Amino acid sequence: MAVQFFDFGKLSDGRSVTAAKLTNHAGASLTVLDYGATVQALCIPDRSGKPVDVVLGYDSAVEYEKNGDYLGATIGRVGNRIGKSVFSLNGKTYELAKNDGENHLHGGKEGFDKKFWRMAAQGESLLCWRVSPDGEENYPGNLNVKVLFSLTDDNRFCITYDADTDADTLVNLTNHSYFNLNGRGDVLNHRLQLFAERFAENDGGCLPTGRLLPVEGTPFDFRTEKEIGTDIGADDEQLKRAGGYDHNYVLCGKKAAILYGPETGIEMTVETDLPGMQLYSGNFLTERKGKGGSIINRRDAACFETQLYPNAMNCYGFPSPVLRAGAHLHSETSYAFRVR
Ligand code: BGC
């Protein structure tokens, strides 16, 4: 079906936000804002056929502007953390904004989540694009970024990322949707299978130390489906440091995770060509107003942020986030829904 565009209100400085809605033939829909290329709603039919909004979000543009937690946003230039907010590239040192203690998080003070993107229908998909200018948030190079959102008739929500640059730079793009397949309540009863044998050890500030630890025998082992809440309160130093799961998993292959919401019967399979995925159990979500008069609380959603490993420039052996001048980045992540 054709993409429909509509007015989503204004930011506090009067700039207008536009929403684009994609609807498929199975009764599912996806709404994306030009502000932050943000997934505002994703409605998937449950076991009775009733659409359930499976992502957290807000009803107004101003709430997104104040959004401290990146609800649904496209994250860049570099998602997740860069230790001490500094990196060296081609012999030059770049100082970045310290917006997470001493560290740099999700692209800085005004990352891609706080920028306006151009939007246009591309067939039945939605293309969002912008040029991140040389020096934006102190990253080098003019970076051309395109994010294509689509929703197929078999309820697969796909995001493809394309980028190129005119100078060597760092790129690690992701989407920060907060999923709740029950459409309400916390996610501790969601069943999760995660196809990873190792995860990145964090320091006290949720920054990978460079060590990859086996999941075997730890609360991080989701190789066999279990509830997110089963071990979240375990007496485990890594869990205690982050207040729950907030760790990068080393994926074994394309299939990253399967999540199941028991109240609706909705199951989501995450696939990606990226090597890592942050499992974030909404530990730092504080109480606030969500969509349609709902209240969002701690652990009311989980994020599956497909990515390169965080802090890669400072960790020996982590896949490099450097995008060379003239090179092209292409990456795909999909979230396929069905009812079981
Ligand atoms: C990070 C969390 C952070 C959250 C929202 C996640 O990707 O890993 O530590 O609190 O984003 O800011």
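## A cluster of rings

Phe-149, Phe-157, Phe-179, Phe-304 and Tyr-335 form a cluster, joined by ring pairs. The model is predicted.

## Aromatic pairs

Searching the whole structure gives 17 aromatic pairs. One of them joins Tyr-58 and Tyr-64, whose ring centres are 5.0 Å apart. Their planes meet at 80 degrees, so this pair is edge-to-face; the cut-off for that class is over 60 degrees.

Both partners can be checked for burial. Tyr-58 has a relative accessibility of 4%, so this residue counts as buried. Tyr-64 has a relative accessible area of 2% and is buried. Buried here means under 20%.

Phe-199 and Tyr-249 make another aromatic pair. Their centres lie 6.2 Å apart, with 40 degrees between the planes. This pair is tilted.

Phe-199 belongs to strand S19, which covers residues 196–202. Tyr-249 belongs to strand S22, residues 246–251. The pair therefore ties together parts that are 50 residues apart in sequence. Phe-199 is buried, and Tyr-249 is buried as well.

Conventions. Residues numbered from 1 in each chain as written. Predicted model: local features only at pLDDT ≥ 70, side-chain atom pairs only at ≥ 80, totals over all residues. Heavy atoms only, no water. Phe/Tyr/Trp six-rings, centres within 6.5 Å; stacked < 30°, edge-to-face > 60°. Buried < 20%, exposed > 50% of the residue type's maximum accessible area, 1.4 Å probe, protein only. Helix = DSSP H or I, 4+ residues; strand = E, 2+ residues; numbered from the N terminus.
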